[in-house]
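Thanks for coming. I will go through one model this morning, starting with its core and ending with its pockets. Please have the viewer open.

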Amino acid sequence: MIASTSSAGCDSSRNLFRQLLHRITTLILSIAAATLLIDSAKNSICAEIRSVPNIVLILADDLGWGELGCYGQQKIPTPHIDALAAQGTRFTRHYSGAPVCAPARCALLTGKHLGHAEVRGNFRVQAAFPEFTEGQYPLSEQALTLAQVFHRAGYATGAMGKWGLGPVGSTGDPNRKGFDLFFGYNCQGVAHSFYPSHLWRNAERIEINANPIPGHQKQPEGEVRLEDWIGDTYAPGLMIAEAVKFLEANQARPFFLYLPFTEPHVAMHPPRESVERFPPEWDAQVYRGQCGYLPHPRPRAGYAAMISDLDSYVGRVMETLERTGVADRTLVIFTSDNGTTHPRPPDPHFHVGGVDAAFFNSTAGLRGYKGSLYEGGIRVPLIVRLPGRVAAGAVSDAPSYFPDWFPTLCAAAGLETPAGLDGEDLWPLITGGPIPKSRKPMVWVFPEYGGQVAVRIGDFKVIRQGLKTKKPGVWEVYDLSQDHAEERDLAAARTDLIQQAEDILRREVSENARFPVPIPGIEG
């Protein structure tokens with residue numbers, strides 16, 4: 001009996017052990033299966049992230065059509081931007097949405113041409129909203145931006161540079177328009193100085209210079225010295241450093257980075273080491289501020305230095321993308337908000353701020369400058385890079401403009417395109433498709449610099465100026481395929497195009513009480 005009881009106990013223990021072993025084995029197999037599922041899910045998520053391009057949108061400020069090496073510039077080296085063009089596609093008929101800063105940014109970020117855009121000119125916010133001390137007329141609460149669409153899609157969103165679409169705390173505050181992080185100048189006027197008292201990090205005012213350098217001052221007499229117009233902290237250096245930090249911090253997730261750099265907009269006071277890269281013999285004449293902004297002892301070298309510095313920022317962005325391993329899945333776009341700065345009395349040798357556009361052949365033969373709807377004011381460089389999707393070393397002469405970027409970037413990222421945009425999706429064209437046989441007319445309705453309107457219809461531009469003067473100009477018509485300098489007015493022979501332009505404007509121009517443009521014969 002004792003032996004039998006002992007045997008039964010052993011059998012029971014063995015059964016319990018077998019059950020325990022089975023449960024442990026089942027648990028281990030379950031954990032292994034779960035781990036495989038998690039790994040598979042992680043791999044799937046990672047693959048999905050890799051398939052969604054990051055976006056870096058770089059916007060130069062007042063950079064002329066001919067001021068880059070890849071667009072024919074002979075005096076100012078731009079190796080990093082030229083490399084971007086060699087690795088991507090360069091466009092030769094791309095247009096800004098406007099010939100000055102704020103409305104160009106509005107068209108770019110909201111996808112609306114100037115017949116529909118909320119912001120159609122440069123307008124100091126204090127004139128409409130005196131409670132604000134700096135900034136420009138704000139985007140409304142209803143205005144939808146690219147950044148808002150990408151933010152809602154889970155992208156990290158950042159902007160470093162010059163804003164100009166509404167002060168901090170307004171409806172146009174960059175944080176209210178989709179940006180997780182904004183760092184830079186909120187106000188375009190403050191951005192006239194590269195050594196300002198402050199910049200903004202979101203809603204926080206960051207003091208950077210106890211003794212700021214003004215953006216405007218004349219020096220009619222005496223020696224003009226470089227060091228008199230250089231402060232302690234150079235704002236562009238802080239902004240590019242912030243951009244690098246943003247890229248490093250968000251390398252593991254999709255991001256949308258908007259970089260509206262301030263160069264080469266005057267005032268002209270880049271660091272000494274940048275100026276000294278260029279030949280002293282360039283500058284036989286000092287600039288005393290007689291055409292606005294600040295004096296400079298070597299204005300040609302100073303202007304070249306600003307473009308060279310801009311090129312170096314592009315180099316730092318690309319180096320950071322390479323170092324963080326995301327360069328091959330980041331769509332990089334480089335363009336400018338309008339053409340190079342225009343002449344201003346009293347000195348015929350200089351344009352505004354001391355710029356010598358003739359010396360640098362800044363417009364490369366185009367007519368007009370910043371502030372004009374002729375080609376020199378609105379035709380801007382455009383370079384697009386995305387390895388494996390965008391052809392390297394290619395050149396496209398397909399017409400395009402700023403309102404096209406909203407639908408194009410939505411298509412590139414696989415996001416739903418909002419209704420009511422004015423631009424066209426360029427993504428099929430950018431990624432190797434044929435040039436469309438036709439496209440929507442391109443529209444500009446600009447209330448400043450005398451009041452101007454223009455419509456591009458196919459290869460033709462129909463333009464009218466002086467609309468807010470006592471003697472409004474007549475319609476002009478140019479065939480841009482044959483006459484990029486706009487020297488041969490075809491208006492007398494092409495009244496049909498004038499009629500088309502009037503019909504388009506009648507259809508495409510909505511009322512805007514803040515930025516009115518009277519167009520004779522056109523209602524609205």
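Which residues have the most contacts inside the largest nonpolar core? They are Phe-150, Phe-256, Tyr-258, Leu-331, Leu-409 and Leu-505, in a core of 86 residues. A nonpolar core here is a set of buried Ala, Val, Leu, Ile, Met, Phe, Trp, Tyr and Cys residues joined through side-chain atoms within 4.5 Å. Buried means under 20% relative accessible area, exposed means over 50%, and partly exposed is in between, with a 1.4 Å probe and protein chains only. A second, separate core has 67 residues, among them Ala-156, Ala-243, Val-266 and Leu-294. As background, nonpolar side chains in soluble globular proteins tend to be buried together.

Before going on, the conventions. This is a predicted model, in which local features need pLDDT of at least 70 and side-chain atom pairs count only at pLDDT 80 or more, while totals for chains, interfaces and linings use all residues. Residues are numbered from 1 along each chain as its sequence is written, and side-chain values use heavy atoms, with hydrogens and water left out.

Now the overall picture. The protein has 524 residues, and 57% of them count as buried. There are 12 helices and 16 strands; these are DSSP runs numbered from the N terminus, H or I of at least four residues for helices and E of at least two for strands. Along the principal axes, the C-alpha atoms fill a box of roughly 125 × 60 × 50 Å. A contact means heavy atoms within 4.5 Å. Of the contacts between residues at least 6 apart in sequence, 69% join residues at least 24 apart.

Neighbours within four places in sequence aside, Tyr-258 is in contact with Leu-57, Leu-59, Arg-105, Leu-108, Leu-109, Gly-158, Ala-159, Met-160, Trp-163 and Phe-179.

Arg-105, Leu-108 and Leu-109 are among the buried residues of α3. How many residues of helix α3 are buried? The count is 10 of 10 for this helix, residues 101-110. The buried residues of α3 pack against the strands β1 (54-60), β4 (156-162), β8 (255-260) and β13 (442-446), and also against α4 (146-152) and α10 (405-413). After α3 comes Gly-111, with a positive phi near 70°.

Next, the backbone geometry. Most residues other than glycine have a negative phi, and most peptide bonds are trans.

The bond joining Glu-263 and Pro-264 is cis, with omega about -5°. The bond from Val-266 to Ala-267 is also cis, with omega near 20°. Pro-264 sits in the loop between β8 and α6 (272-275), and Ala-267 is in the loop between β8 and α6 too.

Tyr-293 has a positive phi of about 65° and is not a glycine. Tyr-293 lies in the loop between α6 and α7 (299-323). Is Tyr-293 buried or exposed? Tyr-293 is buried, because its relative accessible area is 11%. Tyr-449, in the loop between β13 and β14 (452-457), also has a positive phi, near 55°. Tyr-449 counts as partly exposed because its relative accessibility is 42%.

Last, the pockets. A pocket, on a 1 Å grid over the protein atoms alone, is an open set of points where a 1.4 Å probe fits, with protein on both sides within 12 Å along at least five of seven lines; lining residues have an atom within 4 Å of a point. Grid points are joined across faces, edges and corners, and the volume is the space filled by probe spheres set on the points.

The largest pocket holds about 410 Å³. Its lining has 25 residues, and those nearest the centre are Asn-122, Gln-188, His-192, His-265 and Tyr-293. By class, the lining of the largest pocket has eight nonpolar, 11 polar and six charged residues. Nonpolar covers Ala, Val, Leu, Ile, Met, Phe, Trp, Tyr, Cys and Pro, charged covers Asp, Glu, Lys and Arg, and the others, Gly among them, are polar.

The second largest pocket has about 270 Å³ and 18 lining residues, with Pro-399, Pro-436, Lys-437, Ser-438 and Arg-439 nearest its centre. That lining divides into nine nonpolar, two polar and seven charged residues.
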